[in-house]
Amino acid sequence: MPTVSESSNGRLIARMENVTLSFGERVVLKDCSLDIVEGAITCIIGLSGAGKSTILRLLDGLLLPNDGHVYVRGEDICHMTEEQRNVVRQKISLSFQFSALLDSLTVGENVALPLREHTRLSEAEIRRAVMDSLDSVGLTQAYDNLPAELSGGMLKRAGFARAIVTRPELVLYDEPTTGLDPIVTNLITDTILRLREKLRGTAVVISHDLPSIFAMADYVAMLFEGAIIAYDTADRIRNSHNPIVAQFLEGSEFGPIPI
Amino acid sequence: MRLLDRFGRATTDFFEYAGGVTLLSGESLGFMARLRIRAGETVSQCAILGVQSIVIVILTALFTGMVISLESAQQAVAYGFSGFVGGAVAYGTVRELGPMLTAVVVAGRVASAIAAELGSMVVTEQIEALRSMGLQPARFLVVPRLTALLLMLPLLTIFADVVSIVGGMWVAQAYAHIPYATFLSSVRQTIDFPDVVKGLLKSFVFATIIVMVGAYQGLSTRGGAAGVGQAVTGAVVLAIILIFASNFVLSFLLFG
Ligand SMILES: Nc1ncnc2c1ncn2[C@@H]1O[C@H](COP(=O)(O)OP(=O)(O)OP(=O)(O)O)[C@@H](O)[C@H]1O
Ligand SMILES: [Mg+2]
(Lines give C-alpha, C1' and ligand atoms only; values in the text may rest on other atoms or scores of the structure.)
(Ligands and ions follow the chains in the order given, each with its own letter.)
Protein backbone atom coordinates (compact mmCIF):
# COMPACT_ATOMS: atom_id res chain seq x y z
CA MET A 1 0.00 0.00 0.00
CA PRO A 2 1.55 3.32 -1.04
CA THR A 3 1.75 5.95 1.67
CA VAL A 4 2.80 9.52 1.61
CA SER A 5 5.95 8.96 3.62
CA GLU A 6 7.50 7.35 0.57
CA SER A 7 6.95 10.36 -1.60
CA SER A 8 7.02 13.36 0.71
CA ASN A 9 8.35 14.50 4.01
CA GLY A 10 5.81 17.24 4.51
CA ARG A 11 3.85 17.58 7.73
CA LEU A 12 0.44 16.00 7.77
CA ILE A 13 -2.65 18.03 8.54
CA ALA A 14 -5.00 15.07 8.37
CA ARG A 15 -4.78 11.33 8.06
CA MET A 16 -7.13 8.44 7.56
CA GLU A 17 -5.85 5.19 8.94
CA ASN A 18 -7.25 1.79 7.98
CA VAL A 19 -10.74 3.13 7.71
CA THR A 20 -13.61 0.81 6.98
CA LEU A 21 -17.03 2.24 6.36
CA SER A 22 -20.22 0.62 5.20
CA PHE A 23 -23.78 1.73 4.65
CA GLY A 24 -25.80 -1.29 5.71
CA GLU A 25 -24.55 -4.19 3.63
CA ARG A 26 -22.63 -2.04 1.19
CA VAL A 27 -18.97 -1.68 2.12
CA VAL A 28 -17.78 1.61 0.63
CA LEU A 29 -14.31 1.94 2.14
CA LYS A 30 -12.25 -1.03 3.18
CA ASP A 31 -9.04 -0.62 5.15
CA CYS A 32 -8.51 2.70 3.44
CA SER A 33 -5.61 4.98 4.42
CA LEU A 34 -4.83 8.44 3.15
CA ASP A 35 -2.44 11.19 4.21
CA ILE A 36 -3.12 14.87 3.63
CA VAL A 37 0.07 16.94 3.50
CA GLU A 38 -0.11 20.40 5.00
CA GLY A 39 0.07 23.27 2.54
CA ALA A 40 -0.38 20.99 -0.46
CA ILE A 41 -3.22 20.37 -2.85
CA THR A 42 -4.22 16.74 -2.89
CA CYS A 43 -6.63 15.59 -5.56
CA ILE A 44 -8.69 12.45 -5.19
CA ILE A 45 -9.76 10.69 -8.33
CA GLY A 46 -11.89 7.63 -8.77
CA LEU A 47 -14.98 6.22 -10.40
CA SER A 48 -18.37 7.68 -9.72
CA GLY A 49 -19.77 6.03 -6.59
CA ALA A 50 -16.34 4.92 -5.42
CA GLY A 51 -16.64 6.79 -2.13
CA LYS A 52 -14.81 10.07 -2.76
CA SER A 53 -17.47 12.28 -1.17
CA THR A 54 -17.58 9.80 1.68
CA ILE A 55 -13.88 10.40 2.35
CA LEU A 56 -14.48 14.15 2.64
CA ARG A 57 -17.33 13.53 5.09
CA LEU A 58 -15.04 11.35 7.17
CA LEU A 59 -12.31 14.01 7.22
CA ASP A 60 -14.89 16.53 8.45
CA GLY A 61 -16.26 14.14 11.06
CA LEU A 62 -19.72 14.16 9.50
CA LEU A 63 -19.52 10.40 9.16
CA LEU A 64 -17.76 8.11 11.58
CA PRO A 65 -15.94 5.01 10.36
CA ASN A 66 -17.02 1.54 11.42
CA ASP A 67 -13.37 0.79 11.98
CA GLY A 68 -10.11 2.71 11.86
CA HIS A 69 -9.14 6.26 12.74
CA VAL A 70 -9.32 9.73 11.30
CA TYR A 71 -6.79 12.24 12.59
CA VAL A 72 -6.85 15.98 12.15
CA ARG A 73 -3.73 17.76 13.40
CA GLY A 74 -2.79 14.55 15.16
CA GLU A 75 -6.03 14.24 17.09
CA ASP A 76 -8.42 11.39 16.54
CA ILE A 77 -11.71 13.07 15.67
CA CYS A 78 -13.63 9.80 15.89
CA HIS A 79 -13.27 9.69 19.64
CA MET A 80 -14.27 13.27 20.31
CA THR A 81 -17.56 14.62 21.52
CA GLU A 82 -19.58 16.44 18.88
CA GLU A 83 -18.74 19.66 20.73
CA GLN A 84 -15.01 19.04 20.36
CA ARG A 85 -15.51 18.16 16.71
CA ASN A 86 -17.31 21.47 16.20
CA VAL A 87 -14.18 23.26 17.37
CA VAL A 88 -12.05 21.30 14.89
CA ARG A 89 -14.56 22.02 12.13
CA GLN A 90 -14.05 25.75 12.48
CA LYS A 91 -10.64 25.22 10.90
CA ILE A 92 -11.92 22.92 8.16
CA SER A 93 -14.52 23.62 5.59
CA LEU A 94 -16.32 21.54 3.09
CA SER A 95 -17.53 22.77 -0.26
CA PHE A 96 -20.37 20.38 -1.04
CA GLN A 97 -20.88 18.58 -4.34
CA PHE A 98 -24.39 20.01 -4.61
CA SER A 99 -23.69 23.34 -2.86
CA ALA A 100 -26.00 22.74 0.14
CA LEU A 101 -26.82 26.42 0.69
CA LEU A 102 -29.47 27.16 3.31
CA ASP A 103 -32.49 28.00 1.19
CA SER A 104 -34.02 30.34 3.76
CA LEU A 105 -31.06 32.73 3.52
CA THR A 106 -29.83 34.88 0.64
CA VAL A 107 -26.51 34.10 -1.01
CA GLY A 108 -24.87 36.93 0.93
CA GLU A 109 -26.25 35.66 4.24
CA ASN A 110 -25.23 32.11 3.40
CA VAL A 111 -21.64 33.10 2.73
CA ALA A 112 -21.61 35.35 5.80
CA LEU A 113 -22.99 32.66 8.09
CA PRO A 114 -19.71 31.09 9.29
CA LEU A 115 -18.28 34.55 9.95
CA ARG A 116 -21.37 35.73 11.84
CA GLU A 117 -21.42 32.59 13.96
CA HIS A 118 -17.74 32.12 14.70
CA THR A 119 -16.08 35.53 14.60
CA ARG A 120 -16.59 38.94 16.12
CA LEU A 121 -16.09 40.85 12.91
CA SER A 122 -18.19 43.96 12.36
CA GLU A 123 -20.95 43.91 9.75
CA ALA A 124 -18.80 46.06 7.46
CA GLU A 125 -15.88 43.66 7.72
CA ILE A 126 -18.17 40.70 7.13
CA ARG A 127 -19.65 42.32 4.08
CA ARG A 128 -16.20 43.01 2.69
CA ALA A 129 -15.08 39.41 3.28
CA VAL A 130 -18.26 38.05 1.69
CA MET A 131 -17.89 40.30 -1.35
CA ASP A 132 -14.28 39.25 -1.66
CA SER A 133 -15.23 35.61 -1.53
CA LEU A 134 -18.06 36.02 -4.03
CA ASP A 135 -15.76 38.00 -6.29
CA SER A 136 -13.31 35.12 -6.48
CA VAL A 137 -16.04 33.01 -8.10
CA GLY A 138 -17.54 35.85 -10.16
CA LEU A 139 -20.80 35.98 -8.26
CA THR A 140 -21.01 39.38 -6.55
CA GLN A 141 -24.18 40.24 -8.46
CA ALA A 142 -26.05 37.39 -6.73
CA TYR A 143 -25.48 38.78 -3.23
CA ASP A 144 -29.16 39.47 -2.55
CA ASN A 145 -30.62 36.48 -4.39
CA LEU A 146 -32.16 33.49 -2.70
CA PRO A 147 -30.64 30.11 -3.64
CA ALA A 148 -33.88 29.16 -5.42
CA GLU A 149 -33.24 31.98 -7.89
CA LEU A 150 -29.84 30.70 -9.01
CA SER A 151 -28.73 28.19 -11.61
CA GLY A 152 -26.96 24.96 -10.64
CA GLY A 153 -23.53 26.33 -11.49
CA MET A 154 -24.16 29.56 -9.61
CA LEU A 155 -25.25 27.58 -6.54
CA LYS A 156 -22.08 25.59 -6.72
CA ARG A 157 -19.97 28.74 -6.86
CA ALA A 158 -21.85 30.25 -3.91
CA GLY A 159 -21.17 27.08 -1.92
CA PHE A 160 -17.52 27.39 -2.85
CA ALA A 161 -17.51 31.04 -1.71
CA ARG A 162 -19.01 30.02 1.63
CA ALA A 163 -16.34 27.37 2.10
CA ILE A 164 -13.42 29.75 1.63
CA VAL A 165 -14.80 32.85 3.35
CA THR A 166 -13.26 31.99 6.74
CA ARG A 167 -9.85 31.24 5.19
CA PRO A 168 -9.78 27.79 6.80
CA GLU A 169 -6.59 25.79 7.25
CA LEU A 170 -8.05 22.88 5.35
CA VAL A 171 -10.64 23.10 2.61
CA LEU A 172 -12.32 20.02 1.22
CA TYR A 173 -13.69 20.67 -2.25
CA ASP A 174 -16.17 18.16 -3.61
CA GLU A 175 -16.09 18.46 -7.40
CA PRO A 176 -15.75 22.26 -7.38
CA THR A 177 -15.67 22.59 -11.16
CA THR A 178 -18.06 19.88 -12.34
CA GLY A 179 -20.75 21.31 -14.58
CA LEU A 180 -19.18 24.77 -14.87
CA ASP A 181 -18.16 26.61 -18.01
CA PRO A 182 -14.43 26.67 -18.91
CA ILE A 183 -13.93 30.26 -17.81
CA VAL A 184 -15.41 29.77 -14.36
CA THR A 185 -13.55 26.49 -14.08
CA ASN A 186 -10.30 28.40 -14.55
CA LEU A 187 -11.42 31.04 -12.08
CA ILE A 188 -12.04 28.37 -9.45
CA THR A 189 -8.82 26.50 -10.16
CA ASP A 190 -6.95 29.80 -9.81
CA THR A 191 -8.71 30.57 -6.54
CA ILE A 192 -7.73 27.21 -5.07
CA LEU A 193 -4.13 27.79 -6.15
CA ARG A 194 -4.12 31.35 -4.84
CA LEU A 195 -5.39 30.28 -1.43
CA ARG A 196 -2.54 27.83 -1.21
CA GLU A 197 0.05 30.43 -2.28
CA LYS A 198 -1.16 33.29 -0.11
CA LEU A 199 -2.33 31.51 3.01
CA ARG A 200 -0.48 28.24 2.80
CA GLY A 201 -3.90 26.63 3.06
CA THR A 202 -4.30 22.93 2.47
CA ALA A 203 -6.81 21.64 -0.02
CA VAL A 204 -8.30 18.27 -0.81
CA VAL A 205 -10.01 18.36 -4.17
CA ILE A 206 -12.24 15.76 -5.68
CA SER A 207 -12.43 16.24 -9.39
CA HIS A 208 -13.05 14.47 -12.66
CA ASP A 209 -11.57 17.32 -14.65
CA LEU A 210 -8.10 16.03 -15.53
CA PRO A 211 -6.66 19.29 -16.96
CA SER A 212 -7.71 21.17 -13.85
CA ILE A 213 -6.32 18.40 -11.61
CA PHE A 214 -2.92 18.46 -13.23
CA ALA A 215 -2.94 22.24 -13.23
CA MET A 216 -3.18 22.41 -9.46
CA ALA A 217 -2.44 19.11 -7.75
CA ASP A 218 0.71 18.49 -5.75
CA TYR A 219 -0.43 14.98 -4.96
CA VAL A 220 -3.00 12.74 -6.55
CA ALA A 221 -4.67 9.80 -4.87
CA MET A 222 -6.74 7.26 -6.71
CA LEU A 223 -9.59 5.53 -4.91
CA PHE A 224 -10.59 2.18 -6.31
CA GLU A 225 -12.73 -0.56 -4.79
CA GLY A 226 -12.71 0.93 -1.32
CA ALA A 227 -9.03 1.74 -0.95
CA ILE A 228 -6.40 4.20 -2.16
CA ILE A 229 -4.54 2.15 -4.75
CA ALA A 230 -2.18 4.87 -5.89
CA TYR A 231 -0.86 7.96 -4.18
CA ASP A 232 1.96 10.05 -5.52
CA THR A 233 3.03 13.41 -6.85
CA ALA A 234 0.92 14.61 -9.73
CA ASP A 235 3.71 14.07 -12.26
CA ARG A 236 4.33 10.51 -11.25
CA ILE A 237 0.63 9.70 -11.30
CA ARG A 238 0.33 11.15 -14.77
CA ASN A 239 3.04 8.78 -15.98
CA SER A 240 1.95 5.90 -13.80
CA HIS A 241 2.36 2.35 -15.03
CA ASN A 242 -0.36 1.11 -12.72
CA PRO A 243 -2.84 -0.35 -15.22
CA ILE A 244 -5.87 0.89 -13.26
CA VAL A 245 -4.56 4.45 -13.00
CA ALA A 246 -3.48 4.44 -16.61
CA GLN A 247 -6.86 3.19 -17.81
CA PHE A 248 -8.68 5.75 -15.67
CA LEU A 249 -6.61 8.68 -16.92
CA GLU A 250 -6.97 7.51 -20.49
CA GLY A 251 -10.69 7.00 -20.10
CA SER A 252 -10.44 3.72 -21.94
CA GLU A 253 -13.20 1.11 -21.80
CA PHE A 254 -10.61 -1.64 -22.00
CA GLY A 255 -8.50 -2.64 -19.04
CA PRO A 256 -8.69 -3.98 -15.53
CA ILE A 257 -11.49 -1.63 -14.38
CA PRO A 258 -14.78 -3.53 -14.64
CA ILE A 259 -17.57 -1.56 -16.30
CA MET B 1 -40.41 -17.09 16.69
CA ARG B 2 -41.10 -14.64 13.88
CA LEU B 3 -43.62 -12.91 16.09
CA LEU B 4 -41.15 -12.67 18.93
CA ASP B 5 -38.57 -11.30 16.50
CA ARG B 6 -40.91 -8.62 15.28
CA PHE B 7 -41.89 -7.75 18.80
CA GLY B 8 -38.24 -7.41 19.76
CA ARG B 9 -37.57 -5.28 16.72
CA ALA B 10 -40.50 -3.01 17.48
CA THR B 11 -39.36 -2.63 21.06
CA THR B 12 -35.83 -1.61 20.10
CA ASP B 13 -37.23 0.76 17.47
CA PHE B 14 -39.43 2.32 20.10
CA PHE B 15 -36.60 2.85 22.54
CA GLU B 16 -34.32 4.15 19.82
CA TYR B 17 -36.98 6.66 18.83
CA ALA B 18 -37.81 7.69 22.38
CA GLY B 19 -34.11 8.00 23.15
CA GLY B 20 -33.55 10.10 20.06
CA VAL B 21 -36.36 12.51 20.87
CA THR B 22 -35.19 12.76 24.46
CA LEU B 23 -31.59 13.49 23.48
CA LEU B 24 -32.63 16.16 20.98
CA SER B 25 -34.95 17.72 23.55
CA GLY B 26 -32.25 17.67 26.21
CA GLU B 27 -29.77 19.29 23.84
CA SER B 28 -32.27 21.97 22.80
CA LEU B 29 -33.39 22.75 26.35
CA GLY B 30 -29.73 22.92 27.33
CA PHE B 31 -29.09 25.65 24.75
CA MET B 32 -32.21 27.46 25.94
CA ALA B 33 -31.11 27.28 29.56
CA ARG B 34 -27.78 28.84 28.57
CA LEU B 35 -29.78 31.47 26.67
CA ARG B 36 -28.14 30.56 23.39
CA ILE B 37 -31.23 31.59 21.48
CA ARG B 38 -31.15 33.31 18.12
CA ALA B 39 -33.53 36.19 18.71
CA GLY B 40 -34.31 37.27 15.15
CA GLU B 41 -35.09 33.75 14.01
CA THR B 42 -37.26 33.19 17.10
CA VAL B 43 -39.34 36.26 16.36
CA SER B 44 -39.96 35.19 12.79
CA GLN B 45 -40.87 31.70 13.99
CA CYS B 46 -43.37 33.27 16.41
CA ALA B 47 -45.05 34.80 13.40
CA ILE B 48 -44.91 31.66 11.27
CA LEU B 49 -45.86 29.12 13.93
CA GLY B 50 -48.02 31.22 16.24
CA VAL B 51 -49.65 34.20 14.62
CA GLN B 52 -50.59 32.30 11.51
CA SER B 53 -52.40 29.73 13.65
CA ILE B 54 -54.77 32.26 15.22
CA VAL B 55 -57.65 31.96 12.78
CA ILE B 56 -57.81 28.19 12.87
CA VAL B 57 -57.56 28.17 16.68
CA ILE B 58 -60.34 30.75 17.01
CA LEU B 59 -62.67 28.81 14.74
CA THR B 60 -62.05 25.54 16.55
CA ALA B 61 -62.52 27.09 19.98
CA LEU B 62 -65.59 29.03 18.96
CA PHE B 63 -67.49 26.01 17.67
CA THR B 64 -66.37 23.86 20.58
CA GLY B 65 -67.63 26.37 23.15
CA MET B 66 -70.86 26.69 21.21
CA VAL B 67 -71.49 22.98 21.06
CA ILE B 68 -70.79 22.38 24.76
CA SER B 69 -73.14 25.21 25.55
CA LEU B 70 -75.79 23.84 23.22
CA GLU B 71 -75.65 20.38 24.76
CA SER B 72 -75.61 21.53 28.37
CA ALA B 73 -78.25 24.24 27.83
CA GLN B 74 -80.62 21.62 26.50
CA GLN B 75 -80.21 19.56 29.68
CA ALA B 76 -80.21 22.62 31.89
CA VAL B 77 -83.50 23.91 30.59
CA ALA B 78 -85.10 20.46 30.86
CA TYR B 79 -83.99 19.97 34.48
CA GLY B 80 -84.07 23.57 35.61
CA PHE B 81 -80.45 24.32 36.39
CA SER B 82 -79.74 26.89 33.73
CA GLY B 83 -77.55 28.76 36.22
CA PHE B 84 -74.81 26.14 35.70
CA VAL B 85 -74.36 26.26 31.92
CA GLY B 86 -71.58 28.87 32.08
CA GLY B 87 -69.72 26.71 34.55
CA ALA B 88 -70.04 23.64 32.36
CA VAL B 89 -68.60 25.43 29.36
CA ALA B 90 -65.79 27.10 31.29
CA TYR B 91 -64.90 23.96 33.21
CA GLY B 92 -64.51 21.84 30.11
CA THR B 93 -62.75 24.56 28.19
CA VAL B 94 -60.18 25.91 30.60
CA ARG B 95 -59.11 22.60 32.07
CA GLU B 96 -59.32 20.27 29.10
CA LEU B 97 -60.54 21.29 25.68
CA GLY B 98 -58.88 24.71 25.44
CA PRO B 99 -55.30 23.50 25.89
CA MET B 100 -55.81 20.19 24.14
CA LEU B 101 -57.76 21.25 21.06
CA THR B 102 -55.48 24.23 20.56
CA ALA B 103 -52.49 21.91 20.73
CA VAL B 104 -54.03 19.38 18.35
CA VAL B 105 -54.92 22.02 15.80
CA VAL B 106 -51.50 23.65 16.08
CA ALA B 107 -49.84 20.22 15.86
CA GLY B 108 -51.51 19.69 12.50
CA ARG B 109 -49.99 22.88 11.16
CA VAL B 110 -46.72 23.16 13.04
CA ALA B 111 -45.42 19.63 13.56
CA SER B 112 -45.94 19.01 9.86
CA ALA B 113 -44.33 22.29 8.85
CA ILE B 114 -41.27 21.67 11.00
CA ALA B 115 -40.89 18.06 9.86
CA ALA B 116 -41.22 19.09 6.21
CA GLU B 117 -38.77 21.94 6.48
CA LEU B 118 -36.09 20.07 8.40
CA GLY B 119 -36.69 16.92 6.35
CA SER B 120 -36.07 18.71 3.11
CA MET B 121 -32.98 20.30 4.64
CA VAL B 122 -31.70 16.80 5.37
CA VAL B 123 -32.21 15.52 1.84
CA THR B 124 -30.59 18.59 0.31
CA GLU B 125 -27.58 18.25 2.66
CA GLN B 126 -28.28 21.59 4.36
CA ILE B 127 -28.15 19.94 7.78
CA GLU B 128 -24.77 18.41 6.94
CA ALA B 129 -23.63 21.82 5.75
CA LEU B 130 -24.59 23.33 9.11
CA ARG B 131 -22.72 20.61 10.95
CA SER B 132 -19.69 21.05 8.72
CA MET B 133 -19.62 24.73 9.70
CA GLY B 134 -19.53 23.66 13.34
CA LEU B 135 -23.13 24.75 13.97
CA GLN B 136 -25.48 22.52 15.92
CA PRO B 137 -28.82 21.91 14.16
CA ALA B 138 -30.45 21.79 17.61
CA ARG B 139 -29.37 25.30 18.46
CA PHE B 140 -29.67 26.68 14.99
CA LEU B 141 -33.04 25.23 13.98
CA VAL B 142 -34.82 23.58 16.88
CA VAL B 143 -34.31 26.14 19.66
CA PRO B 144 -35.90 29.10 17.81
CA ARG B 145 -38.94 27.00 16.96
CA LEU B 146 -39.25 25.61 20.46
CA THR B 147 -38.89 29.03 22.08
CA ALA B 148 -41.44 30.49 19.69
CA LEU B 149 -44.04 27.82 20.34
CA LEU B 150 -43.47 27.88 24.10
CA LEU B 151 -44.39 31.55 23.91
CA MET B 152 -47.19 31.26 21.40
CA LEU B 153 -49.10 28.13 22.40
CA PRO B 154 -50.07 29.39 25.89
CA LEU B 155 -51.18 32.67 24.31
CA LEU B 156 -53.22 30.83 21.72
CA THR B 157 -54.69 28.72 24.52
CA ILE B 158 -55.82 31.80 26.45
CA PHE B 159 -57.32 33.07 23.24
CA ALA B 160 -59.12 29.80 22.72
CA ASP B 161 -60.44 29.77 26.30
CA VAL B 162 -61.89 33.26 25.94
CA VAL B 163 -63.37 32.70 22.49
CA SER B 164 -64.86 29.40 23.55
CA ILE B 165 -66.55 30.92 26.61
CA VAL B 166 -67.85 33.86 24.60
CA GLY B 167 -69.23 31.50 21.96
CA GLY B 168 -70.86 29.40 24.65
CA MET B 169 -72.34 32.48 26.26
CA TRP B 170 -73.88 33.56 23.00
CA VAL B 171 -75.45 30.17 22.31
CA ALA B 172 -76.78 29.91 25.89
CA GLN B 173 -78.48 33.26 25.49
CA ALA B 174 -79.80 32.69 22.00
CA TYR B 175 -80.91 29.13 22.52
CA ALA B 176 -81.91 28.85 26.19
CA HIS B 177 -82.38 32.53 27.05
CA ILE B 178 -79.78 32.39 29.78
CA PRO B 179 -78.70 35.99 30.49
CA TYR B 180 -75.02 36.88 29.99
CA ALA B 181 -74.75 37.89 33.67
CA THR B 182 -76.00 34.51 34.90
CA PHE B 183 -73.65 32.72 32.51
CA LEU B 184 -70.63 34.77 33.59
CA SER B 185 -71.24 34.47 37.30
CA SER B 186 -71.48 30.71 36.86
CA VAL B 187 -68.16 30.81 35.00
CA ARG B 188 -66.58 32.74 37.85
CA GLN B 189 -67.89 30.35 40.48
CA THR B 190 -66.67 27.24 38.70
CA ILE B 191 -63.22 28.27 37.50
CA ASP B 192 -60.49 29.79 39.60
CA PHE B 193 -57.08 31.13 38.74
CA PRO B 194 -55.15 27.90 39.45
CA ASP B 195 -57.33 26.12 36.90
CA VAL B 196 -56.23 28.57 34.25
CA VAL B 197 -52.59 28.22 35.25
CA LYS B 198 -52.78 24.45 35.15
CA GLY B 199 -54.35 24.62 31.72
CA LEU B 200 -51.46 26.77 30.55
CA LEU B 201 -48.97 24.40 32.14
CA LYS B 202 -50.37 21.73 29.87
CA SER B 203 -49.81 23.89 26.85
CA PHE B 204 -46.09 24.19 27.65
CA VAL B 205 -45.84 20.42 27.59
CA PHE B 206 -47.83 20.23 24.37
CA ALA B 207 -45.66 22.87 22.71
CA THR B 208 -42.56 20.85 23.55
CA ILE B 209 -44.14 17.68 22.16
CA ILE B 210 -45.16 19.37 18.91
CA VAL B 211 -41.77 20.91 18.19
CA MET B 212 -39.64 18.00 19.33
CA VAL B 213 -41.62 15.35 17.46
CA GLY B 214 -41.69 17.52 14.32
CA ALA B 215 -37.99 18.28 14.57
CA TYR B 216 -36.91 14.73 15.32
CA GLN B 217 -39.01 13.33 12.50
CA GLY B 218 -37.57 15.94 10.14
CA LEU B 219 -33.96 15.43 11.19
CA SER B 220 -34.20 11.65 10.92
CA THR B 221 -35.60 11.78 7.38
CA ARG B 222 -34.04 9.22 5.04
CA GLY B 223 -34.29 8.93 1.31
CA GLY B 224 -35.48 11.83 -0.77
CA ALA B 225 -38.89 13.43 -1.24
CA ALA B 226 -40.79 10.28 -0.30
CA GLY B 227 -38.89 10.22 2.98
CA VAL B 228 -39.96 13.80 3.68
CA GLY B 229 -43.58 12.81 3.09
CA GLN B 230 -43.30 9.96 5.56
CA ALA B 231 -41.61 12.18 8.11
CA VAL B 232 -44.43 14.72 7.90
CA THR B 233 -47.27 12.24 8.23
CA GLY B 234 -45.50 10.49 11.07
CA ALA B 235 -44.90 13.77 12.87
CA VAL B 236 -48.56 14.80 12.85
CA VAL B 237 -49.90 11.42 13.88
CA LEU B 238 -47.37 10.93 16.63
CA ALA B 239 -47.66 14.47 17.99
CA ILE B 240 -51.44 14.20 18.21
CA ILE B 241 -51.35 10.82 19.93
CA LEU B 242 -48.76 12.07 22.41
CA ILE B 243 -50.85 15.18 23.10
CA PHE B 244 -53.91 13.08 23.94
CA ALA B 245 -51.91 10.66 26.06
CA SER B 246 -49.98 13.30 27.96
CA ASN B 247 -53.18 15.28 28.45
CA PHE B 248 -54.59 12.36 30.36
CA VAL B 249 -51.48 12.04 32.50
CA LEU B 250 -51.36 15.78 33.14
CA SER B 251 -55.03 15.97 34.09
CA PHE B 252 -54.48 13.10 36.45
CA LEU B 253 -51.50 14.82 38.06
CA LEU B 254 -52.86 18.36 38.09
CA PHE B 255 -56.54 17.87 38.77
CA GLY B 256 -56.73 14.27 40.03
N1 LIG C 1 -26.22 7.94 3.13
C2 LIG C 1 -25.95 6.87 2.38
N3 LIG C 1 -26.66 5.74 2.52
C4 LIG C 1 -26.38 4.65 1.81
N5 LIG C 1 -25.44 4.57 0.87
C6 LIG C 1 -24.70 5.67 0.65
C7 LIG C 1 -24.91 6.89 1.39
N8 LIG C 1 -24.02 7.80 0.96
C9 LIG C 1 -23.30 7.20 0.00
N10 LIG C 1 -23.69 5.92 -0.19
C11 LIG C 1 -23.09 4.95 -1.12
O12 LIG C 1 -21.70 5.05 -0.96
C13 LIG C 1 -21.05 4.98 -2.20
C14 LIG C 1 -20.07 6.11 -2.32
O15 LIG C 1 -20.76 7.34 -2.36
P16 LIG C 1 -20.00 8.70 -2.61
O17 LIG C 1 -21.02 9.77 -2.60
O18 LIG C 1 -18.89 8.83 -1.64
O19 LIG C 1 -19.43 8.49 -4.07
P20 LIG C 1 -18.50 9.46 -4.94
O21 LIG C 1 -17.21 8.76 -5.14
O22 LIG C 1 -18.48 10.80 -4.34
O23 LIG C 1 -19.29 9.47 -6.33
P24 LIG C 1 -19.52 10.68 -7.35
O25 LIG C 1 -18.26 10.87 -8.12
O26 LIG C 1 -20.60 10.16 -8.23
O27 LIG C 1 -19.92 11.87 -6.54
C28 LIG C 1 -22.12 4.97 -3.27
O29 LIG C 1 -22.19 3.69 -3.80
C30 LIG C 1 -23.38 5.29 -2.55
O31 LIG C 1 -24.40 4.46 -3.06
MG1 LIG D 1 -19.38 12.57 -4.77
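A residue counts as buried under 20% relative accessible area, as exposed over 50%, and as partly exposed in between. In this predicted model, Glu123(A) has a relative accessibility of 47% and therefore counts as partly exposed. Its partner in a salt bridge is Arg116(A), with a distance of 2.8 Å from N to O, and Arg116(A), at a relative accessible area of 37%, is likewise partly exposed.

## A bridge between two chains

Glu117(A) makes a salt bridge to Arg139(B), in which the closest N and O atoms lie 2.7 Å apart. Because Glu117(A) belongs to helix α4 (residues 107–118) of chain A and Arg139(B) to helix α6 (residues 137–176) of chain B, this pair joins two chains. Glu117(A) is partly exposed at 25% relative accessibility, whereas Arg139(B), at 9%, is buried.

## A network in chain A

Elsewhere in chain A, Arg11(A), Glu38(A), Arg73(A) and Glu169(A) are linked into one network by salt bridges that share partners.

Arg85(A) and Glu82(A) form a salt bridge whose closest N and O atoms are 3.2 Å apart. Both residues sit in helix α3 (residues 82–89) of chain A, where a separation of three residues corresponds to about one turn of the helix. Arg85(A) is buried, its relative accessible area being 7%, while Glu82(A), at 31% relative accessibility, is partly exposed.

## Salt bridges in the whole structure

Over all chains, a search of the whole structure finds 21 salt bridges, among them the pairs Glu123(A) with Arg116(A), Glu117(A) with Arg139(B) and Arg85(A) with Glu82(A).

Key. Residues numbered from 1 in each chain as written. Chains lettered and ligands numbered in written order. Predicted model: local features only at pLDDT ≥ 70, side-chain atom pairs only at ≥ 80, totals over all residues. Heavy atoms only, no water. Salt bridge = Lys/Arg side-chain N within 4 Å of Asp/Glu carboxyl O. Helix = DSSP H or I, 4+ residues; strand = E, 2+ residues; numbered from the N terminus. Buried < 20%, exposed > 50% of the residue type's maximum accessible area, 1.4 Å probe, protein only.
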